[in-house]
Amino acid sequence: MKKKYSGIFILGLSVLILFINSCTDRESTAQKEWLDPLNETVAQRDARMAWWRESRFGMFIHWGLYSIPAGSWKGERIPQGLAEWIMLHGQIPSEEYEPLKDRFNPVEFDADEWVRMAKYAGMRYIAITTKHHEGFCLFDSKYTDYDVMNTPFKRDIIQELSDACRRHGLKFGVYYSIPDWHHQEFPAEHNNSGFHGNPKPDADLEKYLVYMKNQIRELLTYYGEIGLVWFDGGASFKNMEQRARLLHSEEIVKFVKSLQPRTIINDRLGIPCDYGTPEQRIPDTGLPGRDWETCMTMNDTWGYRSYDHNWKSSEAMIRQLVDCASKGGNYLLNVGPTALGEFPQASIERLDDIGRWMEVNSESIYGTQASPFAAPSWGKYTQKKLDSGLTRLYLHVFNWPADGKLVVEGLEKNQEPMDVFLLAEEHSKPIKITVENERLVIQVPPRAPDAIVSVVVVDISLR
Ligand code: FHN
């Protein structure tokens with residue numbers, strides 16, 4: 001017998017449905033909490049993220065056909081914007097730009113040499129552009145001829161670099177551009193400022209997504225363990241909500257995980273996924289409660305630009321690395337190789353400087369967590385828990401006290417440290433600690449062990 005429902009019941013049900021919808025709307029307008037399609041437990045996710053959190057420091061590599069023009073076109077400098085966007089900034093049609101592939105022949109490319117430089121700098125993972133917005137692929141793809149196998153070079157760069165990472169113990173990650181200025185089915189309307197090298201008016205995003213998923217399958221099938229996928233949107237789509245909706249991003253994540261369940265995914269599909277990606281900036285308070293990674297150029301552009309000499313100092317980048325770690329984040333520092341396959345000399349020198357600092361101080365970066373205290377006036381704190389139950393505080397001193405008195409801001413005077421030493425000197429020289437005006441003061445030597453950042457270690461029992 002068909003059940004009759006009272007008017008009150010139906011009214012109540014409608015109100016309930018309206019309330020749920022309003023919540024859902026509110027949730028969908030806010031950054032919807034990421035519901036992992038695999039219903040991962042916190043413990044499972046922590047295990048999957050462990051290597052990435054331990055690493056704290058990686059290398060970004062932006063390399064493609066744009067390294068050939070290197071910021072100039074037909075003898076004219078195109079200084080606006082980013083070097084890897086020269087096709088757009090120069091409004092270069094595909095038929096003029098794409099023949100660059102017939103000149104791509106990076107005869108100096110040496111994957112082991114690149115990985116050795118990253119490893120010496122203290123970087124624990126590499127993420128390279130397998131395909132940037134220009135659409136050219138640095139890997140052998142059976143879904144396009146616009147790839148490295150159809151150039152004079154004829155070598156699968158992604159294969160060589162992923163193999164070299166495994167040989168040297170670095171995790172390998174792939175950057176993949178969502179927008180594609182070459183593929184005819186990526187609609188120009190969804191590109192930044194509606195650009196496409198060879199626009200097809202009735203381009204069908206769904207057809208492009210088939211191509212994109214086929215290439216994702218290639219990358220996650222033929223190149224061994226892929227530690228992370230660095231999707232990038234390049235200002236495409238109106239906003240993240242539209243990007244996630246039109247890309248069916250949760251389906252893409254499920255697809256990636258169906259191929260390699262442990263692969264870490266960033267937030268540029270338009271949904272939170274595993275970590276946030278502040279770009280060219282270090283958030284004042286980090287991204288509390290969330291994994292995050294600042295990506296940063298060494299000069300002003302990601303791809304190689306021959307006349308961009310605005311290089312950050314090694315000091316500035318070491319301090320950025322410390323700053324990220326002090327807020328619980330990772331630092332992904334970029335190199336833009338030349339058309340010959342070499343790192344710019346200025347990049348090599350900086351990687352070398354950073355490596356020398358990391359040789360002495362990497363313990364204060366790897367595996368650390370955000371500081372338990374606000375940053376002191378003279379530098380940054382990082383911390384890690386010791387097996388003993390003590391907390392090891394790493395005091396990164398940017399400004400060494402001329403009077404030799406380092407005030408440990410944030411610690412209560414009664415929190416007597418159990419051990420204090422200079423990381424550069426281990427326990428060779430005891431360091432005195434006193435209480436002055438209710439504050440803990442470390443008597444440090446007159447000369448800083450390191451001109452850029454010196455690390456003082458304080459082991460303490462934090463409740
Ligand atoms: O448009 C890209 C840009 O070329 C570069 O790849 C950066 C790196 O994070 N991502 C996009 C801009 O946000």
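At 3% relative accessibility, Cys273 counts as buried, because the cut-off for that class is under 20%. This residue belongs to a predicted model. Cys273 sits in the loop that runs between strand E7 (264-265) and strand E8 (293-296). Its phi is near 50 degrees, which is a positive value in a residue other than glycine.

Gln280 is also placed in the loop between E7 and E8. Gln280 is not a glycine either, yet its phi is positive, at about 60 degrees. With 32% relative accessibility, Gln280 counts as partly exposed.

**The sheet**

In what order do the 7 strands of the open sheet stand? The order is E7-E6-E5-E4-E1-E9-E8, and the pairing is parallel. E7 and E8 are at the edges with a single partner strand each, so one side of each has no neighbour in the sheet. Strands of a sheet pair through backbone hydrogen bonds, either parallel or antiparallel.

Strand E4 (residues 125-131) pairs with E5 in the parallel sense over 6 bridges. In this pair, Lys131 stands opposite Tyr176 in E5. Strand E5 (residues 171-177) is joined to E6 by 5 bridges, and these two strands run parallel. Gly173 stands opposite Leu228 in E6. Between E5 and E6 the chain passes through helix H7 (residues 205-222), and this β-α-β crossover is right-handed.

On the way from E5 to H7 there is a loop that contains His196. His196 has a relative accessible area of 6% and is buried. From His196 to His427 the C-alpha to C-alpha distance is 61 Å, and the two are 231 residues apart in sequence.

**Strand E6**

How many of the residues of strand E6 (residues 228-232) are buried? The count is 5 of its 5 residues, and the strand is described as mostly covered. In a regular strand the side chains alternate between the two faces of the sheet. In E6, Leu228, Trp230 and Asp232 lie on one side and Val229 and Phe231 on the other, and both faces are covered. E6 also pairs with E7, in the parallel sense and over 2 bridges. Leu228 has Ile264 as its bridge partner in E7.

**The ligand**

Asp232 of E6 is buried, and Asp232 is also one of the residues that come nearest to the ligand. There are 15 residues around the ligand, and His62, Glu84, His133 and Glu279 are also among the nearest. By class, this shell has 7 nonpolar, 4 polar and 4 charged residues.

| Side chain | Ligand atom | Distance |
|---|---|---|
| Trp85, N or O atom | oxygen | 2.9 Å |
| His132, N or O atom | oxygen | 2.8 Å |
| Asp232, polar atom | nitrogen | 2.5 Å |

How much of the ligand's accessible area does the protein cover? The ligand has 330 Å² of accessible area on its own, and the protein covers 91% of that.

Definitions and conventions: Residues numbered from 1 in each chain as written. Predicted model: local features only at pLDDT ≥ 70, side-chain atom pairs only at ≥ 80, totals over all residues. Heavy atoms only, no water. Helix = DSSP H or I, 4+ residues; strand = E, 2+ residues; numbered from the N terminus. Buried < 20%, exposed > 50% of the residue type's maximum accessible area, 1.4 Å probe, protein only. Pairing = 2+ DSSP bridges. Right-handed = clockwise from strand over helix to strand, strands pointing away. Near = heavy atom within 4 Å. Polar contact = N/O pair within 3.5 Å; in protein donor to acceptor, adjacent residues only side chain to side chain. Areas by Shrake-Rupley, 256 points an atom, 1.4 Å probe, with all protein chains shown as cover. Nonpolar A, V, L, I, M, F, W, Y, C, P; charged D, E, K, R; others polar.
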